[in-house]
Structure formats: structure tokens, C-alpha cells
2 protein chains.
Amino acid sequence: MKSGNLFLKLCICVLSLCAFQTNLLSQVNPQTWGKEPYVSPEVHPDHSVTFRISTPAAKEVLLSTSWLSGKNNKMTKDSTGMWSITVDPLEPELYGYSFLVDGLKVLDPANLQIKRDYVILENLFLIPGKQADLYAVNDINHGTLSKVWYDSKTLGIKRRLSVYTPYGYEGGKDNYPVLYLLHGVGGDENAWPELGRACQILDNLIAQGKVKPMIVVMPNGHVNQQAAAGDGPAGFIRPAFGADVFNGQFEKSFMPDIVSFIESHFRAKTDKTNRAIAGLSMGGMHTLTIANMNPGKFDYIGLFSPATPPTLDNRNGNSEFYNQVDSETSLKALKKSGYKVYWIGCGKDDFLYQNLATFKKALDNNQLKYTYRESTGGHTWENWRLYLSEFTPLLFR
Amino acid sequence: MKSGNLFLKLCICVLSLCAFQTNLLSQVNPQTWGKEPYVSPEVHPDHSVTFRISTPAAKEVLLSTSWLSGKNNKMTKDSTGMWSITVDPLEPELYGYSFLVDGLKVLDPANLQIKRDYVILENLFLIPGKQADLYAVNDINHGTLSKVWYDSKTLGIKRRLSVYTPYGYEGGKDNYPVLYLLHGVGGDENAWPELGRACQILDNLIAQGKVKPMIVVMPNGHVNQQAAAGDGPAGFIRPAFGADVFNGQFEKSFMPDIVSFIESHFRAKTDKTNRAIAGLSMGGMHTLTIANMNPGKFDYIGLFSPATPPTLDNRNGNSEFYNQVDSETSLKALKKSGYKVYWIGCGKDDFLYQNLATFKKALDNNQLKYTYRESTGGHTWENWRLYLSEFTPLLFR
């Protein structure tokens, strides 16, 4: 069995990546190494899900999730020390979870898929079907995701952004319209690609002919960051937002730094009818500020569960700047410049719902037309993924 | 304190990303949320390092690492339930670790940086200085990292690869030389960018003027994968290699699928003097196979801790193909076609060391010139990062 011998050697070869770590080696049998000793999570045909973790010494293990709220999350132990719980069938969606082992937050050792939302890590799994099929990597043509650095002359630093270019961009000659897609206060340039599944949503909707091929630019909205935590010169830090939030600098740097970089470095169409901007929460406020302060630059504007001017009770020490955003003068200028789509989405349970109602009234009072989409739920990525999939088909028509 | 109120709202807003998860909320004070309750790992000025984890219920907590082999790894608990250990000063390098809490492998809850090596997740930290400064994101010009899909006509599937383009590529007009950089048996198209810090090494050496700007193409060497586990149509699976290893398909698909895609979709120089290929372990065997079977296509060949033909005792059922690789005919054809650099690096403790000696003898017997670099250590990413930083300065001169 020489090929078996080869295989064993290769196993050892990879094992040596962790350099014969005593603890690991004692757990690993090279014959089964790389195979799952057990499956977690196990999605059953009826979309009920079993979660498992082997920890014989534990006294109490809980399944820690947002979507099990109020229901039993206590796992039970079998005679081998394997803890498990099976939850009722779930709707198609992308879900996160972790375990609490005697009070300690533990990621699922059997699940390699991890997402980071601000400072919270969770394991991921997908219940397929319906809307959630847009979040899967399907066997279709795929665009490219790039991490690109640009010089922010306004801020005096190098910064990183994520760029989705549609299938056909590399090696092609066409110019494409551009959607600028902004994240919320917990995010960075990785948020829409990772938590928002933006590339999968675009790939799928473009393949279905429902969305026009476009470039999607996902910058970092925190001016105190050069790149997502761990990806910039600050090193392996934890992210922390603070005084940079709503200090006006991101909005001021947007057109001269980001839009001009994209339009000079990518094959982007550069007129108003080929520019869209959308954002969630803090990024919704960024979006409406940038759109209102630059009338005639964007034909498509999308606010997803947006923070709105009424949210900024004292405009965070930047009253002079932010007071202009929803002033009669600004709103009239925006109306005069014209736009094709002004789209607002919000969940019924969103804590920003009331403030948004006040802002919509200001739009109404100035006869600014918009589409309002009210969904269930609150301030969640479930809603933002949904809004992206509903907003993008309206663009560049 | 209206801005404080806003800040609290925004905190809640992000917290709602995990949708008011009871367990988390009870742990989180919005005033300090996002700030570190404690630091782990803490790198001290003398490069000793303190690791911490708060888990009052645990009976035994170990620091699980490869680099602490043989030394004390037992952590001690203080009166608050915080476990800690301080290790002696470490050499500059990128390090991984995790914890073993009563036998359960646990990632550090205070460290957001995680790497995946095949099916093993570990937290990351960097001890700065010397060689390790090449692995840091420094405040210099940066290239772009892209995840690109191509049609593999040979294999009949769509596949993904990673592409590094140097600073100036986007928006520029120049054509660049190309290094094809191949991973080992545990890897995929994410291995060199993530574990190998290839983009940081290239950025830093290009900024220092030691390496010529080049495109670096990092494909997936497992023909049973369309993309890294979790990133392809197979969904959120665990990776598993097997019959695909050394079945000859990757090598056969390389020129018609990957090289032709890159040269038609990127601004690549397409002659022998502007093509380099290098790989580690299994990727070293891929490299020498591709180079030997395509004489006159690559002027620069790099083998990092390579598997070599003697490793393939029975050529894994593909004797006909692999027997050609180191045949007299192939080696003579390679010699006749000529090349500028044939570079081999290996650690003294590598388990492939003896097989490599046999292969070098075959090169010697055929008067094929090569540079041999012997380093300390074994079959590790520490060596492969080092080799990349020594090999790339030799290219395209």
C-alpha cells in the first residue's frame, strides 16, 4: 500500500503545519484526519438542525443564538460526553450561532465557517431555499471581489475598499455603472461582502437577468480606520468606533477620494445615470448626506434602515455640516437636480423607525418622491440582504 | 448628553446584529462595549507574551501551540476566574495558538484574528521585527488581492484563484511578469494570501525596491475543489483531500486553463523570461512537474520543501504520467530549453529531506544547475514565508 503510505506522509506533512502539536496529535488519527468525527450543525431535510459539541467535562452547554430567543437552548449530554440540541425547522436564511460552555463563549469546533460582526464572532450556516438561495455560491458565472487600496487625499491616509466587478470585467473592454454600498457603525469594507453576501446576491441576480452587470464599491466608512481591523497598518487590533462616527469626514472625502479613484482606476461609467449609492444604518445617513450634498451626482439612492438627521439630536458637534443635509435648501436642490429612484427600506421593529418617519415627512413636505418598503423585523442583516436584493434590480434602467 | 444617547443607540443598533441575544447582552455593558475587557495576547516590550482567558468554571486550561513544545503550557487562575500564562520572549514571527479548556479546544475570545490551515483554526499574533516585518501591513503602497473565477475547460468546472496585482496595476497600462505560486496538500487558493502573507511580503519587498512589481497568481491545486471550502458551490463544507492528490489533473490543466486565462484576462507579459512558478510541498511537486513537462515556458522555478518524484513511490496509480517527470528525456529537454533560476529550499528537519536529496542527485547527474538553500526547521509556513521572501528578489532580472 505505497500510495497509502504516501497519503499518510502527506497527512503528517500538513499536520506539521501545526508542528506536531502534542495536544492535536493525540486527538488525531491520520486515517480519519480531515474527516469529520461528527457533524455540526447538521441540517436535516425538514430544515430542523442538530448542533453538537463534544466536551465531557462541561456542566452546562447552551446554544447561543439570536433566532432562538425565548425558546429552550439547553443542550443535553450523552454517555460519550457529546452535547446536542435539535431545533425546530428554520426558514431559509443565513444564520449565526455559538455555544456557551459553562459560561464561556465557544465557537463550534466542527464548523470552519466564521463571521465577524464588529467584535462578535459566530459560526455560520445556511438553510437553503427561497431568498436564501441568493446568498449561496451557485454554479453560475461569478464576478471578482478585490481588496484595493487608495490614497485618501482628504484624510491624508491610505485606505482600503472592497470592489465587486461583474463576470466579464477582467479581460473585457466595457464600462460599467457603479453602485456605492455603505455599511453600518459596526462594519468596515468587509461587512457587505461577508455579512451582506453582496457578491453572491449580485452574481445570482445578474445570472437570473434581474440585475444589470455593475461594479459595486464597498468602502470603509470609519475614517479612523485605514482598513478593517487586522488588515491595516494598525495591526491585529480590535475595531473601536467613537469620535469618528458622524464627524462629517467620511461624507466630505467621498466624492474627491473614493468616487474619483474608482472612476480613474476602473472601467466605470461616470455620469449621474450610471451612479447609485446606498447604505445601511450609519451608511444610510452617509448615503443621504452624500446624495443631498451632491445634487445631480446620483440617479439612484437607497436608504436601508437608515439613521436620519433626526437621529443626530445635536449633530454630534457637527451641526453646521449636518444641519445643511435636510435643510430646505438642500432638499430643494436635490429635487431640482432630479433622480430616478429614492428607495427607503425599514423593518417595523427597527429602533430607528420613528426617526425615519420624521425624515420621510421632511421629504413629503418638499415633494421629494421616494419608494418606501416596510418589512418585518428590525435592524438586522436579514433585512439588509433582502433590501439589497430588492434595490439592485431597480438600478440603471 | 444627547450625543452619548446617540452613541448608545448606535451600540444597541449594532448589538441588534446579534438581535438582543440574551446571553450576550447580559455580558455587555454598552458603555464599554467594543472595548476590550482584557487584552489577550499581550505582547510585552521584551516580546514575552501573556495569554488570558476568563472562564471561572474551568478546572484546567492549557495554552495550545506548536512553538511551546516541551515547555510548560499550564495556565493559572486568579481569584476572578481569569486564567493566564506568560511565555518567554519570542523571536519575530507570525504565531498561532488556541486554548484547551478542560480538554475542549477553544479559540481566544479576546482575539479576533483567526487563521484556517486545512481543518485547523488558530488565533494569530505577530511578534514584530526583522523578517516578521515583511509579514506586517506597513504604511506603504499596497497591491490588490482579487478572488477571480475562471472556466477550467480541462476539468469542466468553474474554479477560483487568488490574484495579487502590484500597486499601480489598476488604472495603469503596463504589462507585468507573473509568478504562479502553488500551495501544499492542506491548502487552497486562500493559503498563500492568508497563511503565507504573500501580499504583505510582495508589498514590502516591492516598496523596498528588492522585488520587481509582478502579478502573483495563487490557484487552487485540489482538482476536487471549485474553491476553498465554504467559498464554492459545494457550500459550507469542510475540505477533504484524497484521490485528487497527484492524479496528474492539476498539472495537465495548468497551461491550457490557468496560464491562458491569466494571460488573456490580465495585463501579463507572456514570454518565458516573464513567467515564474514556485510551490511548497505538494505544490513543489506540481511546480517541478509543470516546469519539466513544459520546457521553455518558465525561466524561474522555485521548489519550497517540495515533494519530489521519489516521494511518489508508485506514482499513485499515475505512473505513466509521473514517470516522465524526472525521466532522462524530460530533464534533458528542460536543460536544453534553458532557464535562469532553479531554486530549491528545504529545512534540515523536513521529513521530505532525504527524498529531496535523491531528486537533487538526478538533477546533478543531468547537469541541471540549481541553487540550494537549506534552512533550519521543518515543513512549516515559517520556512515557506522565508523562502518566498528570498526567491522573489531573484525573479525577472
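Leaving aside neighbours within four places in sequence, A:I262 is in contact (heavy atoms within 4.5 Å) with A:L161, A:V163, A:V178, A:Y180, A:V217 and A:A268. This is a predicted model: local features need pLDDT of at least 70, side-chain atom pairs count only at pLDDT 80 or more, and totals for chains, interfaces and linings use all residues. Residues are numbered from 1 along each chain as its sequence is written, chains are lettered from A in the order in which they are written, and side-chain values use heavy atoms, with hydrogens and water left out.

**Cores**

A nonpolar core is a set of buried (under 20% relative accessible area, 1.4 Å probe, protein chains only) Ala, Val, Leu, Ile, Met, Phe, Trp, Tyr and Cys residues joined through side-chain atoms within 4.5 Å.

| Core | Residues | Named members |
|---|---|---|
| Largest nonpolar core | 110 residues | A:F254, A:I262, B:F254 and B:I262, those with the most contacts inside it |
| Another core, apart from it | 41 residues | Among them A:I53, B:L63, B:W83 and B:Y95 |

**Sheet**

Strands here are DSSP runs (E, at least two residues), numbered from the N terminus. Two strands pair if DSSP finds at least two bridges between them. In chain A, four strands form an open sheet in the order β1-β2-β5-β4, with antiparallel pairing. Its edge strands are β1 (42-43) and β4 (76-77), each pairing on one side only. β1(A) pairs with β2 (residues 49-54) of chain A over two bridges. A:V43 has A:V49 in β2(A) as its bridge partner.

**Cavity lining**

The lining of the second largest cavity includes A:T55, A:D102, B:T55 and B:D102.

Definitions and conventions: 1 Å grid on protein atoms, 1.4 Å probe; cavity = no way out; pocket = protein on both sides within 12 Å on 5 of 7 lines; lining within 4 Å. Buried < 20%, exposed > 50% of the residue type's maximum accessible area, 1.4 Å probe, protein only.
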